[in-house]
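Please keep the sequence and the structure at hand while reading.

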Amino acid sequence: MTAAANRYGLTFRQDYFSDPAAWAALVALLEDTFGIDVSIQDRFGGPDPSSMPFGCFDEGGVCTANFSAFSMPMTIDGRVVKAAGFQSGAVRPQWRGKGLYRDLMNRAFGWSDEQGFELGILLTDKPAMYEPYGFTVVPQRKFVGAPPLERRLAGTAHGLSLDTAADIALIRRVLRERTPVSSVFAVAAQAEMFLLNGFFDPDVGLTYLDQFQAVVAWKEDETSFQLLDIAGKTIPPLSAILGALDRRPGRVEVCFPPDRLDWQGTPETFETDISLMVRGSAAVPAGPVMLSPMAEF
Ligand SMILES: CC(C)(COP(=O)(O)OP(=O)(O)OC[C@H]1O[C@@H](n2cnc3c(N)ncnc32)[C@H](O)[C@@H]1OP(=O)(O)O)[C@@H](O)C(=O)NCCC(=O)NCCS
């Protein structure tokens with residue numbers, strides 16, 4: 001299975017993040033491929049320690065191809081499922097079409113099977129590429145409705161900034177202690193993506209509700225209030241969130257199953273070019289689900 005890298009005089013490396021030069025080479029590959037700078041994670045405590053990168057490097061140390069797995073335990077229908085996320089899949093243009101990615105996918109999926117992960121999860125704009133490996137698309141639904149009639153005012157709320165060290169520390173602590181935002185389908189433990197997604201999207205508001213020891217991630221436009229995620233020791237009801245944020249929207253969109261919000265919305269198709277795909281024995285709920293945008297990877 002070493003075939004492709006060897007055939008082209010490349011070196012295959014696995015689990016290489018402890019080598020700063022190799023990590024920098026991956027940062028460059030992802031910057032060149034997707035235009036995002038993942039080295040910003042150094043500010044938030046570094047890459048996910050559970051990351052297992054699989055990469056090809058040329059003689060000069062350039063990372064020509066990569067695909068990474070990481071641990072992302074999920075709560076699904078009330079049970080914690082040992083799940084692996086797959087991300088950072090990229091091959092430099094001059095190296096494409098040679099089977100490098102096929103090799104890396106085989107290695108990454110084989111490794112996750114050996115590790116006993118029950119479920120593999122990925123997000124992609126190329127679902128056909130992953131179907132031969134057993135991945136199937138899970139349609140995503142957001143939950144839409146009128147806000148609760150009553151607005152509860154409880155405790156205090158203050159805005160957080162990912163430019164402030166104290167706020168980053170608070171968010172990291174809350175993420176470590178979080179209760180999954182939904183018992184139907186939600187990340188049980190994984191901090192890095194929440195921070196990275198909050199950083200990359202300047203429209204995301206992050207507000208701390210002290211009574212619930214919870215960080216609420218939200219957005220709004222002229223027509224609706226969008227609840228993206230809640231990282232908290234306890235999950236506040238929607239009425240308390242709107243009260244604390246002093247919002248009176250005409251319509252609310254919740255971007256995860258709202259079973260813990262003391263509110264019900266109508267599932268609506270979530271329009272996106274990116275497919276959520278899963279593979280493995282752990283069943284995904286038959287009912288409507290959405291992976292919080294703060295967990296996207
Ligand atoms: C997509 C990408 C990683 C493929 O890398 P690659 O090394 O050229 O892929 P390979 O040559 O190993 O091909 C692997 C398989 O995927 C298929 N494939 C490649 N590109 C594909 C695409 N755009 N859509 C669907 N299938 C594709 C190939 O046909 C091949 O199938 P086979 O094993 O049945 O022959 C590379 O084109 C890339 O970096 N693109 C930009 C970033 C990107 O889209 N990353 C994936 C994010 S989910």
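The text below takes up the ligand site and then the aromatic pairs.

The model shown here is predicted, and in it the ligand sits in the largest pocket. There are 16 residues around the ligand, of which Gly 89, Val 91, Gly 97, Arg 102 and Lys 126 come nearest. Four elements, namely α2 (20-34), β6 (83-91), α3 (100-114) and α4 (127-130), each contribute at least two residues to the shell around the ligand.

| Residue (backbone atom) | Ligand atom | Distance |
|---|---|---|
| Gly 89 (N or O) | nitrogen | 2.8 Å |
| Val 91 (polar) | oxygen | 2.8 Å |
| Tyr 101 (polar) | oxygen | 3.0 Å |

Taken alone, the ligand exposes 910 Å², and the protein buries 67% of that area.

Turning to the aromatic residues, the count of ring pairs in the model comes to 20. One of these is formed by Phe 44 and Phe 199, and because their ring planes stand at 65°, which is over the 60 degrees required, the pair is classed as edge-to-face, with the ring centres 5.9 Å apart. This pair links distant parts of the chain, since Phe 44 lies in the loop between α2 and β2 (52-57) whereas Phe 199 belongs to helix α6 (residues 192-200), and the two are 155 residues apart.

Notes:
Residues are numbered from 1 along each chain as its sequence is written. This is a predicted model: local features need pLDDT of at least 70, side-chain atom pairs count only at pLDDT 80 or more; totals for chains, interfaces and linings use all residues. Side-chain values use heavy atoms; hydrogens and water are left out. A residue is near a molecule or strand if one of its heavy atoms lies within 4 Å of it. A polar contact is a pair of N or O atoms within 3.5 Å; within protein, one must be able to donate a hydrogen and the other to accept it, and residues adjacent in sequence count only if both atoms are side-chain atoms. Accessible areas come from the Shrake-Rupley method with a 1.4 Å probe; for residues, only the protein chains shown count as cover. On a 1 Å grid over the protein atoms alone, a cavity is a set of points where a 1.4 Å probe fits but cannot get out, and a pocket is an open set with protein on both sides within 12 Å along at least five of seven lines; lining residues have an atom within 4 Å of a point. A molecule sits in a cavity or pocket if more than half of its atoms lie within 2 Å of its grid points. Rings of Phe, Tyr and Trp (its six-membered ring) pair if their centres lie within 6.5 Å; planes under 30 degrees apart count as stacked, over 60 as edge-to-face and the rest as tilted.
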